[in-house]
There are 2 protein chains.
Amino acid sequence: MRELGSSQPTAVELEILRILWELGSSPVREIHARLAEAKGTNYSTTVKMLSVMLTKGLVKRNEDATPHIYRAAMTRERAAKKFLTELIEKVYDGSAMSLVLQALASGKASKLEIDEARKLLDEMEGKS
Amino acid sequence: MRELGSSQPTAVELEILRILWELGSSPVREIHARLAEAKGTNYSTTVKMLSVMLTKGLVKRNEDATPHIYRAAMTRERAAKKFLTELIEKVYDGSAMSLVLQALASGKASKLEIDEARKLLDEMEGKS
DNA sequence: TTGACTTAGCGAAACCTTTCGCTTACATTG
DNA sequence: CAATGTAAGCGAAAGGTTTCGCTAAGTCAA
């Protein structure tokens, strides 16, 4: 038995999560509209994917409502943190904060973002 | 046809890459020793995985030597950057530096790492 | 050269993810 | 209550990853 919520979401799963993060709680039809736009897949496929994701604990749903309303089980921020932690764990052997930053460093970061980042580092230092 | 080097490495692939990053260039036997230690898989499996990864462009090898010597096609740093960029692209819609930092923020980061990070931010600012 | 051992590779099985056809259930409206 | 349209779900096909058995080729020492 697979542990709930323990696995990296697969490609399509991540795509659906992102739709849910953007749209907020939504019925299948709306999720499907977005997914089909990007991939041209069938309605059944979306339903099935959501059911798989439900089993894996990646999404939750309200079954009282009709149609059922789905939502992401994690916030985008939590997910980002989780994926990132796993990434670091897998690529390096755990703590590798500065190296990850280095990875980011070549990307485009606005002045604003850099300032925000500084603030964050200050906070982090306070805590540790 | 799949573009070379365009896909996220799968679980086992990443495991092998990490072994190669740690060990440096190595013959199958040594890679296998490490992999088997962690997973208990067969020698054939390691050979096959390496051949798959060769096709995908994730590893390279020197065929003149016997036994063949494999090496990672990317440095750990490059890979980390690539994966991270893809992660950001997928979880957010691109640039999300501060959010990624936030993701990191709750993790354990040493004073040293935080200082290094600050230096990096200074450099980044200089460039932009 | 033969036998024992190491290395390389193929092809298929096993397994997981993604896709969809088809069926059943539900709701609405004439 | 039909008839029509929407929603949910199952099971199997299609496609990708991971595993390994088996074969063949290469190496080395007696």
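Of the atoms of DNA strand D within 4 Å of the protein, 67% belong to sugar or phosphate, and the rest belong to bases. The model is predicted, with local features needing pLDDT of at least 70 and side-chain atom pairs counting only at pLDDT 80 or more, while totals for chains, interfaces and linings use all residues. Side-chain values use heavy atoms, without hydrogens and water.

DNA strand D is surrounded by 21 residues (a residue is near a strand if one of its heavy atoms lies within 4 Å of it). The closest are A:R29, A:H68, B:T10, B:K39 and B:N42. B:N42 instead has a backbone N or O atom 2.7 Å from a phosphate oxygen of DNA strand D. Two or more residues each come from α2 (28-39) and α3 of chain A and from α1 (11-23) and α3 (43-56) of chain B; α3(B) gives the most, with five residues. Helices (H or I, at least four residues) and strands (E, at least two) are DSSP runs, numbered from the N terminus.

Chain A also holds an open sheet of three strands in the order β1-β3-β2, with antiparallel pairing (strands pair if DSSP finds at least two bridges between them). Its edge strands are β1 (26-27) and β2 (59-62), each pairing on one side only. β1(A) and β3 (residues 69-72) of chain A are joined by two bridges, and A:P27 has A:I69 in β3(A) as its bridge partner.

Conventions. Residues are numbered from 1 along each chain as its sequence is written. Chains are lettered from A and ligands numbered from 1 in the order in which they are written. A polar contact is a pair of N or O atoms within 3.5 Å; within protein, one must be able to donate a hydrogen and the other to accept it, and residues adjacent in sequence count only if both atoms are side-chain atoms.
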